[in-house]
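These are my notebook entries on a structure that I looked up. I took the pairs of charged side chains first, then a surface patch and a pocket.

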Amino acid sequence: MTPDDALTPEQIARYRRQITLGGFGRPGQEKLLNAHVAVVGAGGLGSPALLYLAGAGVGHVTVIDDDVVDLSNLHRQVIHTTDRIGAPKAESARKQMLALNPDIEVSVVAERLTWDTAVDVLRGADVVLDGTDNFDTRHIVSAACARLDIPHVWASILGFDAQLTVFHAGRGPVYDDLFPTPPAPGEVPSCAQAGVLGPVVGIVGSAMAMEAIKLLTGIGEPLLGTLGYFSSLTGRWEYIPVTGSADTVERLRTEDPPAQVTAAPMVVSVAEVTCIPDDAVLIDVREPDEYANFRIPGAVNRPLGEVLEGTDPPELTTDRPVVIYCAGGVRSARAVAALASRGITGPVSLAGGIDAWLDRQG
């Protein structure tokens, strides 16, 4: 941190390429050095965003993430390294940011945001970046930012495409204007299910950092009220106007938690296993293209849609244990629940899905 009217010689040396920019200069750099940005998620989107915020000289960055570094994520989560597999992502990100720029302060919150904690954790931030892939957390961040009157940079990735915008309650739309309620579990595929290429999150995560810098310094025009849609296969951005509702903002600021995001309890309990019995019949309920890419040896493919439509896999007519799996355990749990609702109670879901199974192979 530095006083508003002074930059040290070391800071001028480090940031002089930014200070040279017309319209940015010393005032812009001083604003960054005195700013506090909170970043929720140190994964694919958070990785480039955190590195560029650190490199740009944002004086205080809070990293919020309750996950650990995983081998399958390193192709896109470039702030982490192979030797940190199993380490908390937030702490791993902090080390890499300070290695890049020891001139800044990095705080770590190695826990998931909740309705009870979000306001306190995010209080004091000038801008919040949300790079999470969890719908409930996105709604929590949205409500907390609305209550704290903090601008909120949001992005998401699905396959080869991405979305990016800036929310600010009272000055433009909020996340809940676009997505009033979370989808049902398994309805929207995760990165583990749909796949993701590293450069896609690199482009969009970097763009998130740029939106934060614009908000902090006053340069340019933030994507407030505009949704940027990026197609990596064409390399093109399209821009869609987004409008907000005063009623939505009022609801976010007064309800605790907002009623529209309260999760409904499961009607049918789902039996799970973490280890596959040696004589088990394996049913893979992912889509055929996912199954074709890789599978657990011996598994047969019966997509979830067929099970939900009422088709009972013929493999159920066996005396052997039946284990159903998907990418991460969500779709397989839905399949087991659907079968149980039809009176078929033998099959169990593989907790963590094929992702967890592959992790254990090493």
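**Salt bridges**

I looked up arginine 302 and found a relative accessibility of 25%, so this residue counts as partly exposed. The model I am reading is predicted.

I then searched for the partner of arginine 302, and a salt bridge with glutamate 315 came up, the closest N and O atoms being 2.4 Å apart. Arginine 302 lies in the loop between strand E11 (300-301) and helix H12 (304-308), and glutamate 315 in the loop between H12 and strand E12 (322-325), so the pair ties together parts that are 13 residues apart in sequence. Glutamate 315 has a relative accessible area of 17% and is therefore buried, the limit being under 20%.

I noted that glutamate 211 forms a salt bridge with lysine 214, with 2.7 Å between the closest N and O atoms. Both residues lie in helix H9, 3 residues apart, about one turn of the helix. Glutamate 211 and lysine 214 are buried.

For the whole structure I recorded 10 salt bridges.

**Surface patch**

I found that Phe160, Leu197 and Leu233 make a nonpolar surface patch of about 310 Å². Leucine 233 lies in the loop between strand E7 (226-231) and strand E8 (236-241). Its relative accessibility is 62%, so leucine 233 counts as exposed.

**Second largest pocket**

I read a volume of about 290 Å³ for the second largest pocket. Its lining has 15 residues, and among those closest to the centre are Tyr52 and Met210. Helix H3 gives the largest share of the lining, 5 residues.

Definitions and conventions:
Residues numbered from 1 in each chain as written. Predicted model: local features only at pLDDT ≥ 70, side-chain atom pairs only at ≥ 80, totals over all residues. Heavy atoms only, no water. 1 Å grid on protein atoms, 1.4 Å probe; cavity = no way out; pocket = protein on both sides within 12 Å on 5 of 7 lines; lining within 4 Å. Points joined across faces, edges and corners; volume = space filled by probe spheres on them. Helix = DSSP H or I, 4+ residues; strand = E, 2+ residues; numbered from the N terminus. Patch = residues over 30% accessible without salt bridge, like charges linked within 9 Å, V, L, I, M, F, W, Y side chains within 5 Å. Areas by Shrake-Rupley, 256 points an atom, 1.4 Å probe, with all protein chains shown as cover. Salt bridge = Lys/Arg side-chain N within 4 Å of Asp/Glu carboxyl O. Buried < 20%, exposed > 50% of the residue type's maximum accessible area, 1.4 Å probe, protein only.
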